[in-house]
Amino acid sequence: MSFMDLLCHPLWALSAALLALVVRLQRRAPWDPKACDVRLAGKTAIVTGANTGIGKFIALDFARRGARVILACRSESRGTAAVNEIRQQTGNRDVHLRLVDLSSMDSVRDFAKRILEEEKALHILVNNAAVSGLPRQITKDGFEASFATNHLGPFLLTNLLLDLMKRSAPARIVTVSSLNHKKGKVDFSHFHGENLVHFMDQVYNHTKLHNIICTNELARRLQETGVTANSVHPGVVMTEVMRYYPFWIRCTFNLIGFFFFKSPEEGAVSSIYCAVAEELEGVTGKYFDSDCSLVLPAPLARDPALAVKDFEICEKLTSKL
């Protein structure tokens, strides 16, 4: 039998199908949100980037649990569509859209100001929104666009809402990072777009490392307040985060991803776990893998002196001059 005959044999197709099924089953995390009976009635949650992908499924889960859910999105049309979809699927009418562009510090301040004026409490904040593969862009604030969207905007938003979360304690902050943080580097000139290579996910990797570093320092500062802060890897997920990549890369990613990568719903699990799981009450300053297991991040993310420096620099960059 020739090699081509072997490839065309029905047994080969059956074996490939079984392998694909096994791989898909292994993508599932051991913790199942649908098996968790935690209710969020009377609680308020904010999810950034919630009009699509992981963020939408996180918001959908919170709404099913009875929370007041605020979708923090940049697009009004897509955000409105997501709100309507979540309301229809859950029967929860207390789901709302608030517009914010995380790459703009003024937009973040306006969003936070409205939240502080309208909301009496905030129990969950999920910093989910992120971009990858953006070409070199500098925002009007003078920041590299990916750093502004993925790190500095969420950093400022979190800090502006901290007092409200402290008054609402117990409360949880969940920052969606990535395993890619292990390929990231810390160079503070990156914030202004200097010494960066804009190729594939390189800039994204740096931003995800800063996410974990500053989350760990935030957790240290929030000790004894009743507010916890953790970061999480959602897994390799089929989302729109790669929309800025070349067409051939997106096609290859989607083809391989059908068998090996997580769906947005599967990718939301680890973030939901950190936000609602009863066994994580009081757990803070930790990093969780996509299977909801507690793991160690990269050595740079565990350097306390670097964390203090990084946090202080971000405070200065995002403060009003």
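What percentage of the 321 residues of the protein chain count as buried? In this predicted model, 52% of the residues do. The chain exposes about 15300 Å², of which carbon and sulfur atoms supply 57%. Its secondary structure comprises 11 helices and 8 strands. Among contacts with a separation of 6 or more, 78% join residues 24 or more positions apart.

**Nonpolar cores**

| Core | Residues in core | Residues named |
|---|---|---|
| Largest nonpolar core | 38 residues | W31, F62, L71 and V276, which have the most contacts inside the core |
| Second, separate core | 37 residues | including F111, L122, F143 and L157 |

V276 has contacts beyond its neighbours within four places in sequence: W31, C36, V38, L40, F62, R65 and R172. Two of these partners, W31 and F62, are also listed with V276 as having the most contacts inside the largest core.

**Helix α3**

F62 is one of the buried residues of α3. Because 10 of the 12 residues of α3 are buried, the helix is largely enclosed by the rest of the structure. Its length also agrees with expectation: at 1.5 Å a residue, the 12 residues (53–64) should span 16 Å, and the end C-alpha atoms lie 17 Å apart. After α3 comes G66, which has a positive phi near 95 degrees.

Terms used. Residues numbered from 1 in each chain as written. Predicted model: local features only at pLDDT ≥ 70, side-chain atom pairs only at ≥ 80, totals over all residues. Heavy atoms only, no water. Helix = DSSP H or I, 4+ residues; strand = E, 2+ residues; numbered from the N terminus. Expected span 1.5 Å × (residues − 1). Buried < 20%, exposed > 50% of the residue type's maximum accessible area, 1.4 Å probe, protein only. Contact = heavy atoms within 4.5 Å. Areas by Shrake-Rupley, 256 points an atom, 1.4 Å probe, with all protein chains shown as cover. Core = buried A, V, L, I, M, F, W, Y, C linked by side-chain atoms within 4.5 Å.
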